Amino acid sequence: MVHKLIAAAAWACFIFIIYATLTSIESRPELSGIGFYKAFFTVLERFLAYAVLGFLFHLAYPQRVAFVCVLVFGSAVILELLQIFIPDRDARVLDALEKMAGGAVGIAMAYAAMSLGRLQGWKL
């Protein structure tokens with residue numbers, strides 16, 4: 001049952017990221033839009049969104065690492081490229097790299113959590 005909830009959370013996170021990436025800039029959800037720190041929070045949002053995505057998908061599909069990597073890294077690149085077609089958005093290589101780095105950290109954290117859980121005798 002827990003496995004199905006994690007899988008549902010992973011797909012819901014993915015759908016939310018698609019929405020946030022492809023919506024207009026005014027409709028895009030953000031942590032903070034105030035002052036000097038806006039650029040920092042924008043990078044943090046990208047990184048953390050994909051870290052959560054990678055973490056949830058690796059927990060949901062631990063035996064399908066290639067699928068998880070293709071989905072997380074591929075979506076970072078494809079969604080960034082699709083921003084070319086949104087009038088007030090822009091596609092940048094640095095943004096895609098930030099997202100891919102977040103995804104890699106999330107996948108690694110899920111792997112570490114599952115390894116630690118196995119050492120402790122936990123089952124997911």
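Q: What sits over the ring of phenylalanine 67?
A: The charged end of arginine 64, 4.7 Å from the ring centre. A charge counts as over a ring if NZ of Lys or CZ of Arg is within 6 Å of the ring centre and within 35 degrees of the ring normal. This is a predicted model, where local features need pLDDT of at least 70, side-chain atom pairs count only at pLDDT 80 or more, and totals for chains, interfaces and linings use all residues. Residues are numbered from 1 along each chain as its sequence is written, and side-chain values use heavy atoms, with hydrogens and water left out.

Q: How many aromatic pairs turn up in the whole structure?
A: Five. Rings of Phe, Tyr and Trp (its six-membered ring) pair if their centres lie within 6.5 Å; planes under 30 degrees apart are stacked, over 60 edge-to-face, the rest tilted.

Q: Which kind of pair do phenylalanine 14 and phenylalanine 57 make?
A: Edge-to-face, because their planes are at 85 degrees, with centres 6.3 Å apart. The pair joins distant parts of the chain: phenylalanine 14 is in helix H1 and phenylalanine 57 in helix H2, 43 residues apart. Helices here are DSSP runs (H or I, at least four residues), numbered from the N terminus.

Q: Buried or exposed, those two?
A: Both phenylalanine 14 and phenylalanine 57 are buried. Buried means under 20% relative accessible area, exposed over 50%, partly exposed in between (1.4 Å probe, protein chains only).

Q: And how far apart are the ring centres of tyrosine 61 and phenylalanine 67?
A: 5.5 Å, with planes at 85 degrees, so that pair is edge-to-face. Tyrosine 61 is buried at 19%. Phenylalanine 67 is partly exposed at 27%.

Q: Which residues do the ring pairs link into a cluster?
A: Trp11, Phe14, Phe57, Tyr61 and Phe67.

Q: Switching to H3. Where does it bend?
A: At serine 75, by about 30 degrees. The bend is the angle between axes fitted to the seven residues ending there and the seven starting there. Serine 75 is also among the buried residues of H3, which include Val68, Leu71 and Glu80.

Q: What about the loop after that, where is aspartate 88?
A: Between H3 and H4. Aspartate 88 is partly exposed at 33% relative accessibility.

Q: What does aspartate 88 touch?
A: Ser24, Ile25 and Glu26, leaving out residues up to four places away in sequence. Contact means heavy atoms within 4.5 Å. The C-alpha atoms of aspartate 88 and threonine 23 are 9.3 Å apart, though 65 residues separate them along the chain.

Notes. Helices (H or I, at least four residues) and strands (E, at least two) are DSSP runs, numbered from the N terminus.
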